[in-house]
Amino acid sequence: MKRRDFIKNTSLTGVGFAVGGTLVNCAENSTETKASTVNVEKASLPIVIATWHVENATAKAMEILKKGGNALDAVEQGCRIEEANEKGQTVGIGGLPDRDGNVTLDASIMDKHGNCGSVVYLQNITHAVSVARKVMEDTPHVMLAGEGAKQFAISKGFKPENLLTEASKKAWEKWKIEAKYKPIINIENHDTIGMLAIDKNGDISGACTTSGLAYKMGGRVGDSPIIGSGLFVDNEIGACAATGLGEEVAKTVGSFLVVELMRQGKSPQEACEEAISRIVNKPNSNYKNFQVGYIAINKKGETGSYSIHQWFSMTKFQDGKNEQIQSDYYNKT
């Protein structure tokens with residue numbers, strides 16, 4: 001995949017930082033279709049949507065659903081595809097490290113009952129999303145962090161391994177020459193993968209997994225493992241997942257906001273657009289220098305996606321069609 005086709009560099013509050021792995025090659029996007037909100041009584045089920053260009057992941061999720069599996073199994077197995085993709089450099093093994101050379105993973109998962117689990121700053125375990133599910137199902141907690149999360153994973157049979165691949169190590173060593181932190185908008189066709197699914201019974205689940213901001217400070221955690229920020233599911237209403245600069249998503253509790261806006265009667269598309277407007281219309285917002293994108297689905301199976309900048313996309317699998325849909329966006333200047 002081609003990198004750095006759309007790059008914007010700047011500093012934020014006097015300190016630059018690098019957003020590892022976002023979007024996409026313009027030539028690829030030229031064949032995509034615009035996201036739309038077509039009101040229907042009930043969409044054909046099952047359905048899977050995910051952030052960015054992740055057809056292999058949505059295909060795996062749909063395979064689970066077509067065999068009668070539930071939405072929770074589908075989103076976990078779908079996200080695991082990207083976690084095992086060493087070339088992605090933004091999720092799971094091969095993720096770009098923090099400034100000290102450590103690959104640290106964040107993930108969350110949420111089921112139809114509102115149960116949820118997450119891990120933050122997890123090291124040496126590829127499938128963070130599956131560890132998050134174990135936290136949800138096998139502990140009285142919602143979130144485990146750092147060494148505690150790692151030891152819990154090992155106790156559950158997960159095998160520790162070195163997540164820093166040679167390619168990511170070389171990229172880190174190159175970065176260390178200047179060690180600057182600058183936002184890089186849309187440099188790849190995915191970063192965080194957020195996935196939402198509705199199974200044939202009409203039940204919704206979601207998951208989110210990432211290696212986070214490239215060359216971040218050690219210990220930094222973004223929105224992905226924070227329930228309500230990077231992911232939120234309400235089986236009566238719908239679900240949302242976020243991607244982009246996690247600090248900005250967390251400040252507005254973005255995914256929870258989108259679901260609550262749908263509860264108030266907005267379509268998924270309208271809700272995503274309103275959530276983006278909350279970010280860009282904040283006093284002194286420097287939204288031109290970072291990207292945030294949302295995907296959402298409601299109980300009827302209607303979907304929406306919206307971002308601050310161009311070239312964010314959503315992958316959607318429904319009725320045998322696995323397609324990348326180019327998102328509408330705010331900053332058209």
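**Entry 1: S10 and S11**

I began with strand S10 (residues 292–298) and its link to S11, and found that the two run antiparallel and are joined by 5 bridges. This is a predicted model, and I read everything that follows as such. Within the pair, I noted that Ala 296 has Gly 304 as its bridge partner in S11. The hairpin of S10 and S11 has 4 residues between the strands, and there I found Gly 301 with a positive phi near 90 degrees.

On the other pairing of S11, I looked up strand S14 (residues 328–329), which runs parallel to S11 and is joined to it by 2 bridges. Here the bridge partner of Tyr 306 is Asp 328 of S14.

I then asked myself how many residues of strand S11 are buried. The count is 5 of the 5 residues in 303–307, so the strand is largely enclosed by the rest of the structure. I recalled that side chains in a regular strand alternate between the two faces of the sheet. In S11, Thr 303, Ser 305 and Ser 307 point one way while Gly 304 and Tyr 306 point the other way, and all of them are buried.

**Entry 2: the sheet and the helices on it**

Stepping back to the sheet, I traced 5 strands in the order S8-S9-S10-S11-S14, which form an open sheet with mixed pairing. Strand S8 (231–234) and S14 stand at the edges with a single partner strand each, so one side of each is left without a neighbour in the sheet. At the S8 end, I found that S8 pairs with strand S9 (residues 238–244) in the antiparallel sense over 4 bridges, and that the bridge partner of Val 233 in S9 is Ala 239.

Next I checked which helices lie on this sheet. Helix H8 (residues 254–263) lies across S8, S9 and S10 and runs at about 145 degrees to S9. Helix H9 (residues 268–280) also packs on the sheet, where it touches S10, S11 and S14, and its direction makes about 20 degrees with that of S11.

**Entry 3: nonpolar cores**

I looked up the largest nonpolar core, which has 43 residues, and noted that Leu 196, Val 258, Val 292, Tyr 294 and Ile 308 touch the most other members. The elements that give two or more residues to this core are strand S2 (47–51), strand S6 (193–198), strand S7 (204–210), S8, S9, H8, H9 and S10. Which element gives the largest share of this core? I found that it is H9, with 6 residues.

For Ile 308 I listed the contacts, leaving aside residues up to four places away in sequence; among them are Ile 276, Ile 279 and Val 280, together with Val 292, Tyr 329 and Tyr 330. Apart from this core lies another, of 40 residues, which includes Ala 57, Ala 74, Ala 153 and Ala 197.

**Entry 4: H3 against H4**

I turned to helix H3 (residues 71–83) and helix H4 (residues 128–138), which pack at an angle of about 145 degrees with their axes 8 Å apart. From H3 the contact is made by Leu 72, Asp 73, Glu 76, Cys 79, Arg 80 and Glu 83, and from H4 by Ala 128, Val 129, Ser 130, Arg 133, Met 136 and Glu 137. Sorted by class, the contact has 5 nonpolar, 1 polar and 6 charged residues.

**Entry 5: two single residues**

Beyond four places in sequence, Ser 168 touches Gln 89, Gly 94, Gly 95, Leu 96 and Pro 97, and its C-alpha lies 9.2 Å from that of Glu 86, 82 residues apart in sequence.

Val 142, in the loop between H4 and strand S5 (143–145), is partly exposed, with a relative accessible area of 38%. Its C-alpha is separated by 6.1 Å from that of Ser 118, 24 residues apart along the chain. Val 142 touches Cys 116, Gly 117, Ser 118, Val 135 and Ile 227, not counting residues up to four places away in sequence.

**Entry 6: the whole chain and its confidence**

Of the contacts between residues at least 6 apart in sequence, 69% join residues at least 24 apart.

The mean pLDDT is 87, and 84% of the residues reach 70 or more. Over residues 1–41, however, pLDDT stays under 50, although the model has 120 contacts beyond four places in sequence for them. Where pLDDT is low, the predicted coordinates should not be read in detail.

Terms used:
Residues numbered from 1 in each chain as written. Predicted model: local features only at pLDDT ≥ 70, side-chain atom pairs only at ≥ 80, totals over all residues. Heavy atoms only, no water. Buried < 20%, exposed > 50% of the residue type's maximum accessible area, 1.4 Å probe, protein only. Pairing = 2+ DSSP bridges. Contact = heavy atoms within 4.5 Å. Axes fitted to C-alpha atoms, helices over the stretch in contact; angles between N-to-C directions. Nonpolar A, V, L, I, M, F, W, Y, C, P; charged D, E, K, R; others polar. Core = buried A, V, L, I, M, F, W, Y, C linked by side-chain atoms within 4.5 Å. pLDDT = per-residue confidence, 0-100.
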